[in-house]
Each structure stands twice: as structure tokens, then as C-alpha cells.
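Hi everyone, thanks for making time this morning. Could you all bring up the sequence and the structure, so that we can walk through them together?

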Amino acid sequence: MTDLSTTYLGLKLKNPLVASASPLTRKLESAKKLEEAGISAVVMYSLFEEQIIHESLELDHYLSRGTESFAEALTYLPDGGMYGVSPEKYLNHLGELKKSLSIPVIGSLNGVSKGGWTSYAKKMQEAGADALELNLYYLVTDPDMKSEEIENAQVELVAEVKSAISIPLAVKLSPFITSIPNFAKRIVEAGADGLVLFNRFYQPDFDLEQLSVVHSLELSTPSEMRLPLRWISILYGKVQTDYALTTGVHTANDVLKAMMAGAKVAMMTSNLLENGSKSVPAILENLQAWMQEKEYESIEQMQGSMSQKNVGEPAAFERANYMKVLDSWRELP
Amino acid sequence: MKQPVIMIDGNEATASVAHRSNEVIAIYPITPSSAMGEFSDEWSAKGKTNIWGTSPLVVEMQSEGGAAGAVHGALQAGALTTTFTASQGLLLMIPNMYKIAGELTSTVFHVAARSIAAHALSIYGDHQDVMAVRQTGWALLSSGSVQEAQDFAAISQAATLKSRVPFLHFFDGFRTSHEVAKIYKLTDEELRLMLDDDLVRAHRARGLSPEAPVLRGTAQNPDVYFQMREAVNPYYVATPAIAQEMMDKFAKVTGRHYNLFDYSGHPEAERVVIIMGSGGEVAEETVKFLAQQGEKVGALRVRLYRPFSVEHFLKGLPKSVKSVAVLDRTKEPGATGEPLYMDVVSALVEGGRPEIKAIGGRYGLSSKEFTPAMVKSVLDELSKPEPKVHFTVGIHDDVTNTSLEVDPSFSLKSDGMVSCVFFGLGSDGTVGANKNSIKIIGEETENFAQGYFYYDSKKSGTVTMSHLRFGPNMIHAPYLIENNQADFVACHQYTFLERVDMLKYAKEGGIFLLNSLYGPDEVWENLQKEVQQDIIKKKLKFFVINGYDVAEKTGMGGRMNTIMQTAFFAISGILPKEQAIEQIKHAIEKTYGKRGEAVVKKNFEAVDATVANIYEVKVPAEVTSTATRRLPVPSEAPDFVKNVLGQIIDSNGDNIPVSAFPVDGTFPTGTTQWEKRNLSLEIPVWNEDICIQCGKCVMVCPHAVIRHKVYEETALAGAPETFKHVKSKFKEFSEGYAYTLQVAPEDCTGCTLCVEVCPVKDKTAVGRKAINMEAQPPLREAEAKNWDFFMNIPDLDRKLVNPSTIKNSQLLRPLFEFSGACAGCGETPYVKLVSQLFGDRAVIANATGCSSIYGGNLPTTPWAQDANGRGPAWSNSLFEDNAEFGLGMRLTIDKQTEYARELLKSFEQTVSTELVDAILNADQSDEAGIQAQRERVVELKAKLEKSSDTRAKDLISIADTLVKRSVWIMGGDGWAYDIGYGGLDHVLASGRNVNVLVLDTEVYSNTGGQSSKATPRAAVAKFAMSGKGMPKKDLGLIAMSYGYVYVARIAMGANDQQTLKALLEAESYDGPSLVIAYSHCIAHGFDMAKGLEQQKLAVQSGHWPMYRYDPRLALHGQNPLVIESKAPSIPISQYAYNETRYKMLTQMNEERAEELMKEAQQDAKARWTLYQQMASMHYGNGSEEK
């Protein structure tokens, strides 16, 4: 029997297939289904501090607007008592997930304020999270803001959060960084126990009829996996940490590739959103079958086996390789 | 043990007792009592129990009549039951009140006493409503303060259980119901001691039960009815003593002692004022003050008015009394005196004191101020050898000369009392902040405290006034802070200085705090002359804070509440600064904590940023300003507008004499044009280069401040320099015609709906449209001139305008303009459109509600006239009867038209057969036909003018009805779905040609968001706090079932063309029409600028399918139902969760929200399927017109 188990952030997992942050963890029922299907850990949907702030201010705005202005209608909506606009709702849910699931639950956090990051991180730990994933999403639009300033701030933030908690900490990176290896190294030095590559940003689109900017969710395609695959391959062995590959993981082959690049886990979202948990057993079976066929004993055995340092042809991951791909393109006859 | 104290208003104090001492509460919202029902509902929803440990069942009914019926039934079944109401609501309960009393049923109704709609509606307080039920057999117990409202609620409950006579406990609407005061709290234990469980069980035992069946409600005949009516007498005889017994018991329990008649003043008083309600507080304080100075005066406060105990009354009156002045807060036209006066007179005669001279007067109607000076004036009148036997006090009656002279300089001196007046904008949170401040003072210091709040009658740009008093002694001053009495005056909006005289309140040496755009060194030069004069003359300490800047930096937006509250405490020194800040922060946490940390944090930051930004201004010795306060209305306004309406605008309405007013409530229309409120700092600006002249912005503007005109280019002569115009793109009016889109800069509320609806996007920057918001101040003057010029350009002749397209329809002049509706109102665009299409021949019946308030509240009203002086004739009857009211108008028009036609035929010889035929057979289906008929009627009148035949005079008097009139019945969903539904149904069934426009906001908007039957499933509203569990009533479907009613469901934001078509069709249909219009509303809790987008989503989600049901189609073998929206294409949640009314349920109870949303989705699906099936039915089976 092949050994599918792996260790990620110090957590012993029965296999490398982890459910990434998605709405599937919003419901106990769907989270349980993930576990039953064979998923080895779940990353909870993200707690967005900005969203909490926004919802709180929005609620206050609309509950206050128009009040105490007109003698007949001093308010327009009833006072409902407590509103779930604090992190409590998220934390309670995290606690409930922990109670219902036997697999590890990783909290996911996207903060905006320094105080917010650390206090929410602590609260997640208190609520029972097995580990924490920081989601460093920050879109810069100010031309005067330098990359160095941002990177420094993020490194500092990771250190602060790390010092505030005792559970393992993973950091989800953006691919849009000039020197990914340097930044990854700094983040790990700051205390991260793992790196999740990469954050996948939803990009707005244009509606040419309405001349408006539109937002819609596009699920990932398998080809998108190549970006994190490349970077984990490059970083593996150079920056010592646990890697998680996310984006584009749809099949057992994708999981295998992730492992070979050097990831400890492969995180899946789009497939789960599209098909639910039912595709998981097949992926795991296929994984098992492939490994048996190729006579791999364990997942650990293959982890990093095709990383840049182990592949025997390091340039394959660098610029020359890019040129080669272009050269290989021919116009169809 | 120290008695617990609380800061609370009269409504909450009363409701607290009622909720703790009842099992069933059936209510219907009506100002100013609504809050009592709302509190009860909220408490029950949160599981709060009565003193027996169970939560009362609270139910909202469809009308007060319904509430009274439900109460009667609940009582008959044996539950402790109550209700809360006021005004017309109480009148609707009268039939049941007779029954309840006739059956000797223990219950208490709590009434926030309010004026009755007579010549006009008023939401404010007096005793007209309670006096209208004094004959029903109920005991009437009057409380005069917040403390008493709480205490008497308990006393009346105890008394009714023992006496079996139902009690009506009343207190003055607004003055007591809305005053926040520090009172001694009635604890559960105390209330428990007041209520005898045996009596509760006896009440229960009298309930109907099949285990011990009895029968009530028999029909009786002349032989026995009379005797049985008399059989109750012993109970009424016993009731006063029982009430006194309960007052005595209450004194033992709480230490607060009351009597049926409470006397105060000089023990050997010769002149005594007799009075009920909050006025009694004023009278008591005044006579105590005067008695201290040796005057032999007193006040007798009537607590139990019915049953009127002559014995107790006389016991209360000192033997020394020589004359009494009885003050009634009501009016009974034609009576020999008002009710309390009449009772006193007969009591004096019957009780053996006929030598006492009695005079009677009216005071305080509709919350008219009642002050110590007025009490003194009444007592002075008693000193005169020939006092006025019937008088009024508090007004200047120069017609029948009833009024007494009042010395404005007289006031009571209260040691240590501090008085503060604050002026704010409704939206800036001033009132809320002051409620918090007075609570802090009342609860965190030893001071007694009082807060009273005054609002103007607009829904946008409201000016609020907060009157706060505090001091070491209990406050008995139920009147506003008077001129020259305020220790502290605060102006929270800088622009108020140019139109409001607020420093008249300041006392010498007082403090003036101004939220100023200018710093301490610049502000003086930017003040008006009058303001500078007052500051110097009154030696005021003058402070400024740039609250706008602090608000912007701390994310408070337009909310000045926390900032100005902090400034108040920092300057006034009521509490040490640190303690004050701690208390403010504590209050912030308490108020906003449940809305999330971010809100608390934001407010904390505002508190911290405020203190460092307060500056004292060094006041120069001389007045330097030449700028003066603005006139309330322009000098060119008509005299009535200047002398009456302008005075009201200028807060001077109290001083207008009786003679200045119309005698029957009739007012001129078109008066909002004179009240330039100058509300918005941003206004839309036309980009004429890219405008396609579609008219959509004109159509959606809720306040009719954007208009477009096509006109002959010659009209441009003399145009102001900045007046914009381009060539007309209208195909009917092209060569030689110019086009202008103009904004009224001083009337715009800045809602931005116009910008949102503009379909044009600048190709070089798609964020720019053909109309864009820009700063108003630099544009104001020039655009005001442009507006005036624009308005003087003649409108196109209506007969040249085909109104069936949006752009053309918007060439018709709106005859509904600049209303006081909320910025971005979803109702008024429909109302305005009706006024454009049919206004010059419309008669409108308007149900009470938002539309009657923004449509008919003084000072100025929005219904307007065209250049010919024609326009909608508008009237509001009541809330419940509007359909019938409108039908009545139709009946008159029909009858008069019929009579005119009959008469016309007999004048064939006189006026010519051709003219008679032409009039009788006129085709008035379009504007040209109507105009031709108007001309014929003019000709007819001219021909008949010289006739001496009385029938000719009759014909002249009704000839105008020969021109087709358009009857519109308008109102909200509270009227149409609930209280007025029975009448509406009957009117639709009548087949008469009326047009009903239902402005469906899916909630009672005007009274503050109570659930109606139009409220959709899953939405939160008052009385549906956990989300409405039942689906929205389908009013249109019910109306369609008649088969001969034209029905349309419209949503302007989703399809403006369909809206236009439906209204045109409805009006053209010679029968009843019902148009139900989706009206987004502030009560939905969303960005009103997105109102049209939200309407679109409502339609797309299937929540609001649009259709027209035209019975005329069936006559031609076609299905009358035409569905005009597509199958639902988005989930209901995508529409709903943009609105707080839905979203807040997900934040309060996610599981229930999900469940209800799922059901709401099923509702939409089922509705769509049903409509589809109906629309596909075959109508060709012989029903075609033959």
C-alpha cells in the first residue's frame, strides 16, 4: 500500500489534498462532505477585516440614516439587538468546524490594520484553528508607493503575527513580486512556517455594451497551475519551508506535479466549487493508482523530486525555457 | 434603599408597565403612540417577560378598528389585553370601546393624546381625541409627566382589575410621550405588589370558555335595553374610590402619592386654575411660584376625569376659592363650553358651591406651547371684574377676540437649572447625540434632566431643535426653553445662521458654540450682522469647532453627533473633561457596540479628535458685518406667502394672528417654489455636448428640479450669459427650436438619481455622463438666474406634445415640485408623472401617509399650477377612507357632468345646436380634444352669461365638468393593502372611472417602517423583527379577479416606458384602474442613489413582475394580461441583499434568513408560473365584442 500521508505546517495529514479557502467551508454540512470524501485538511474561507469593517459601517449607516429627523419616523428599521458584523461569527463557525471535523482546520485571514491582523490571528487560535494562513492581498494603486516599503511592511506584519500566536503560520503570496525568492526568504525568516503559492486574484472585466467594469468569478483552469508549479520548483530547497501549491489543481496528475515540484500539499478550490466533494475520491484513487503503477512508496518520496535543484536541468525553469516554448510554437499548416 | 432612576421617555415608560402587566397586545401604528407598540414588539421578540414570567403576544393589525376588535376578542377570551393609540386611531376604536365598557371588561388603553384631523391633520398633542371618547363608559385617567405616565399606567391597570370599568390612560402626545426625563423607575416588585393575582384570575374566569359556556352580545328590545344600560351604575359609582384606593396603595409601594384631584398652591387660594395633562405641571409650578410671593392662587390637577367624582373634586378645592379658570386642551365648536369646563360648572352647582365664578378657556391645541406666562395670564384674567368667560390663551385671536394677553417677560426662576438649545440637521445625528448627552447627565450625575426634541415637517434637510434642561431639582417644565433663557446655544450646521435666529434663546453671558467652516480668527467676519449684534449685546462666550473637518478626517461623513456632543461637554464643564469623555465613550459603546467594533472605533476617534479642535473666539466690541440674514421667501412672493407661509418658514408661526388664516383649511397651491431650501452642496450640471435629450433625468427627478424644454429660438433673447442651450433633437420640433436642460440649484436635494439614470457615457471618459454632480456654491447664483429665465420660457402647447414617449412626456410641465420628500424618494417620480400627464384636469384624493405629508404639510406645498392657472386640486381626508373619498369626488363629477349635459340639451336654442352637439359628442381622448372642449365650454359660458334663467346660472356653475376630469386616488401600501383595503376593494368593484395609484414601499414609511401586508417575505420591519414569515399580498392579482379593473404593476427604474404606458392606459380606461408602483424607500436601508438599479433587480429577480391587465383587450378576444418582464434571471437574494431590511436578518439570525430567502425564492417562482399561465389563457371563446 502506498503512503499518501504528508506533513504540512507540522500537521500530519492523511494525504496531500487540501481544500483551499472557499465558500464550501461556510457550511458545516459541506465541510463534512469534504472530510468524508477524503480531503485531508480544510482552509476556512477568509476572514476579511476590511469586509467586517465595511459591513459594520454599512449597517450603522443604514440603521442611522434618516433617524431622529422626522417626528413621525424617528427610526426606519427595528433595533435587532446584536448583529453578526464582528469576527465573532467567523470565530464561532471556526469553533464549530473544529468540533465537527477530525481533519485539521486552518484559519484564513486578510487584515487591513496592524491591530486587526494580530488580534484576529489570536482570536482564531483561541477559537481552535490548527494553523493560520495569512492572505497578504494588497493592491497598490499609488505610484508613489515603493515595492520596498510594501515588502518591508508585510515582513514586519508576519513577524508580529507570528509573535502573537503559537500555532503554525502559513503565508499566501502574490505572484506579482519582482524577486519572489528574496521575498519568500524574508517572509520565512520573519517566522512563516509555510508558503502558499499563489494567491489568485479575481480580475475585473469590461462590459462593452454598458461601458462598465464588471466582476465575475472565473474558475481556474489546469494550465494556471504552471505558475505556482514553477515557483515552488525554484524555491524548493532554496527557502526552507513547507510549500502549498494552490491554483489549477484539478486532477491526481496535478497533485503529483505539485508534490514533485516540492509542495507538501496541493490545494484545490475550483474543482470542488464546480463538482462538489464528489470528485475527491476519484482523485485520491487515481493518485494511489499512479503511484502504484510507478512503484512510488510514498508521497514524501516524490516531494521536490522535480524541483529546480533536483531536475538536472535547472535552466528549464528559467528564461531560456520561456524562449524555447515560444520557438516551439508553429503556425498550423 | 435608594430608588432606582432612569432616563426614559413617556412612551417607553408607559409601554414598560403595559408590557409587564399584559398577556396580549394588539396594536396599529399611529403617531405619537407608535413607539409603545414597537417597544412591546421588540421586548417580546427578545423574550422579555411580563411579571408573571411569560412574554406577551404582540400582534400588529390592519387598522385601529382591527386592533380594537382583536383586543375585544382577546378580552372576551380572558387575557389581560392592552393597546396603544392616538387621534383618529382612538376614534376608530370607539365602537369596540362601547362594547368593552358595556360588558364591564377590565383593560387599559394607553393613549398619547393627539389632535384630531379637522381643517388639517396634526400629529401633535392635545386632548381632542380623548375627549371624543368620554361618553363611551371608560374611565379616563390623565398623567402629566413622564413619571406620571409610568405610574398611572400601573395605577390604571390595578384599578381596572378591581373596578371592572375599562381605563383609558392618556398623556400628552409628544410633550410627554417623547420627552426624555429622569424618573424613579417602577420595579417589577413594585408592579407585582400593585396587581392582585386574584383579580387577574377573576378577569380570566370571566373569559369565554366552552367548559362553562355563556353568551354575550345579545340583541335587546325596548323592554329591557334601558334597564340593563343602568345596571352598570354601581360600578361607575365605585370606580373613583377604587382609583383613589389604588393611588394610595401605589403611595405605600413607591412613596409617590397621587389623588384623583391634586391641589397645589396657596392654602387659602381665591383664584384657581383647573387643568389636566402636562399643562398641570406648568400650572402647578407657576402657582407655587406666585403663592410664594403671596398671591392667593392655586392649581387643581384633574387626574381621574371619568367617572367624574364631584365629591373628590370638591374635596380638592380649597374652601377659600372665589373663582376658577378651567383650561381645556380641546375644542368643541358650538358647545356652551369645553368638556372639563362644563363638568366643573355642573360639579360646582351640584356640589353646593355655585358662588364660585367659573370661566373656561382653550390652550395648547396641537402642542401649542403652554408656559408659566400663560398660566399667569389666566390667573390675572380671574382678577378682572369682568373676566372673559370663554377665552383662549397662547394665540392671538383677532377675529373673535377670545385670546388673553400674555406677558412674554414672565418666567419662573429655577435655582441651578441649566438650559441648552441645539440646532442640527436631521441627518447629522444631533438629536441622537443630545439624547445620549441628557442620559449621561441624568444617569451619571446627581442632576435631574429633561430632553425634548423638535423637528420640522420635511423629510429631507430637516432642521432639528433639542431642548435640554438639567439641575439639582426634579424638572417640571413641559415647555420649550424660552427666549433669553438658554445658558448654552449650539449651532451644528453653519449655514443655519443665514436663515435661523437662534441666539434669541441665549441668555446674557451664555455660551454659543458654532460648528464653523472658519477658524477662530476668520469666523467673525463671516457672520451675519444680526448674529454679531446678539453675541456682543448678550456678552456671549463664543466657541467654534470645525466639526466638518473632524468628521471628514475620522470617517464620520455628515454625522456631527459625536463631535458636537464632545464639544458640548468640553465647553460646558458639566462633568470633568476626562469623566465626560469616558461617559461619552461608554455611551458610544452602548449605542453602537452591537453594530461592530469599526463603528465604535470611528466614533472614539471623533471624540479624541474633537477636543483639540475647539477654540474660543475673541469677540470684537463692534459689529462689522454688512451681511444680513436671508428673507424666508423672496420679496416678490405673493402676500399670503410672505405674510403667512414665510412667517412659518421663519419659525414665527406662533405669532401669526387668527385673521391671517383661511377659515376652512383651504390653501393656495404652488407654494414650494418660494421656499428655497438650498440643501445640497452638489448639484447636477448639464453636459450639453453629449446629451441626447432623452428626458430620463427629468422623469426620475423626485423633486422636479431638473426640467427640459424645447422652445423657439427667439425665446433666447435676453438669456443670461451662462444659460445653456443647444439645437433641439426632437423630430417634431427641430428647425428653429432650441433645447435646454435646466437645474433649480436651490431646490435640488443632491440625490443623484438623475446622474445614475443618464444613459450617456462620455466616450473619452466613461465615468462622465451627460449630467454630472458638481459643487453648488460657485454655481448657485448664476444657475438661480438661469432657472428663472428658463421658467419664463413658455411651455409647449400641450396639444403639440405626444406624451407616449419619455422625452415628449417630460416636456409637459410638472405640477408637483420641490416637495419635502426624502432625497432620492422612490414615490415622487410617479406622483410627478401623473401631474405632468393629467395634472391640469386632475382631482386628487390622497391617503394619509408619506404622500400626504410631502404633498400637504405646511409651510409650503408642492402641488402646482400651469401658466393658465390650472393644476391638480388635492385633498386628504383620512388614512382609512381614501378610496371612498376619491370615489366621492368621482360621483360628484359624474353627477354634475350628467346634470350639465341634461341642462345643456335644454339650452340648444340659446347657445346653438352645433355647440351643444359638439360639447355632448366631444372626443376628449387626447389633449387636442380636451382643449377643443375647453374652448367650447368657454363659449358656452359666454353665451349663457347674460341669461337670467336660474338653470343657465346652474349650468355655468357646473359647465367646467363637461371637460373630462381625471380622478386620482393615491396612497401608500399601508393604506391600500391594510387599513383602506376594504374601501379600495369596494371602489374598484364599483366600476367607476377612478385611477388608483399605490405607491408601494412595502412598509409603513411615514410612521417609521412598520410591516404592512405589502412587506415581502424575509424582509425585516417593525412588527416583523425576525423577518416577515408570510409572503407579500398580491393586490394586483386580487384586483384582476374582477375582470373589469385595469391593473398594472410598474417599476420606473426597470422600465420607464412601461410606467408611462400603464399610467396613460389606466387614465384612458373608462372604469376603475389600479396601478401599483414599486417605490424604493429610505426604510429599505440602501443607497437611494441606486434606487433605479434596485428596481431593475427587483424585476429581474421576479420579486416585482411587471404587467398590464387591460380589460379592453378581452373585449377583442385577447388575453387582458400582458406580462412585461422577463422570466426571473437572478436569484431574489441578489436583489434583496443590497438592502439592510433583508441583510440585517442574515446578521441577526442567519439560519432563519436562509430559510425565508429560500421561501421568497419559491414565492417568486410560483408567482411567475401563475402569471404565465394566466397570460397564456385563451380569451377567444365568444367573449369578443360583438
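Predicted model: local features only at pLDDT ≥ 70, side-chain atom pairs only at ≥ 80, totals over all residues.

I'll go through the contact between the chains, then some sheets, a helix, and a handful of individual residues.

Let's start with the two chains. Across the interface, 40 residues of chain B are in contact with 32 residues of chain A. If you sort the chain A side of that contact by class, you get 17 nonpolar, ten polar and five charged residues.

Now please turn to the mixed sheet in chain B. In what order do its six strands run? The order is 9-11-10-13-14-15, and the sheet is open. At its edges stand strand 9, residues 261–265, and strand 15 of chain B; each has a single partner strand, so one side of each has no neighbour in the sheet. From one strand to the next, the twist averages 25 degrees.

Helix 11 of chain B, residues 279–292, touches strands 9, 10, 11, 13 and 14 of chain B, and its direction makes about 160 degrees with that of strand 11 of chain B. Helix 13 of chain B touches strands 10, 11, 13 and 14 of chain B. The angle between the directions of helix 13 and strand 13 of chain B is about 150 degrees.

Let me stay with strand 14 of chain B for a moment. Six of the seven residues in this strand, which covers 357–363, are buried, so the rest of the structure largely encloses it. On one pairing, strand 14 of chain B runs parallel to strand 13 of chain B, residues 323–328, and six bridges join them. If you want a pair to click on, L327(B) stands opposite G361(B). Strand 14 of chain B also pairs in the parallel sense with strand 15 of chain B, residues 390–393, over four bridges. There, R362(B) has T392(B) as its bridge partner.

By contrast, strand 13, helix 13 (residues 339–350) and strand 14 of chain B make a right-handed β-α-β unit.

Next, another open sheet in chain B, this one with three strands in the order 24-26-25 and antiparallel pairing. Strand 24, at 706–712, and strand 25, at 726–727, are the edge strands of chain B here; each has a single partner, so one side of each is left without a neighbour in the sheet. Helix 24 of chain B, residues 777–792, packs on this sheet and touches strands 24 and 26 of chain B. Its direction makes about 135 degrees with that of strand 26 of chain B. Strands 25 and 26 of chain B are joined by two bridges, and V726(B) has Y739(B) as its bridge partner.

Now for helix 18 of chain B. Just after the helix comes G573(B), with a positive phi of about 70 degrees.

Let's finish with some individual residues. Two cis peptide bonds to look at: one runs from T31(B) to P32(B), with omega near 0 degrees, and another from R306(B) to P307(B), with omega near -10 degrees. P32(B) sits in the loop between strand 2 and helix 2 of chain B, while P307(B) is in the loop between strand 12 and helix 12 of chain B.

Then there are positive phi values in residues other than glycine. S912(B) has phi near 90 degrees, and A1018(B) has phi near 85 degrees. Buried or exposed, how does A1018(B) count? With 29 C-beta neighbours inside 10 Å, A1018(B) counts as buried. S912(B), with 14 other C-beta atoms within 10 Å, is partly exposed.

Last stop: Q1134(B), in helix 39 of chain B. It has 12 C-beta neighbours inside 10 Å and counts as exposed. Beyond its neighbours within four places in sequence, Q1134(B) is in contact with L1097(B) and S1101(B).

Thanks, everyone!

Notes: Residues numbered from 1 in each chain as written. Chains lettered and ligands numbered in written order. Pairing = 2+ DSSP bridges. Contact = placed C-beta atoms within 7 Å. Axes fitted to C-alpha atoms, helices over the stretch in contact; angles between N-to-C directions. Nonpolar A, V, L, I, M, F, W, Y, C, P; charged D, E, K, R; others polar. Buried ≥ 20, exposed ≤ 12 C-beta atoms within 10 Å, placed from the backbone. Right-handed = clockwise from strand over helix to strand, strands pointing away.
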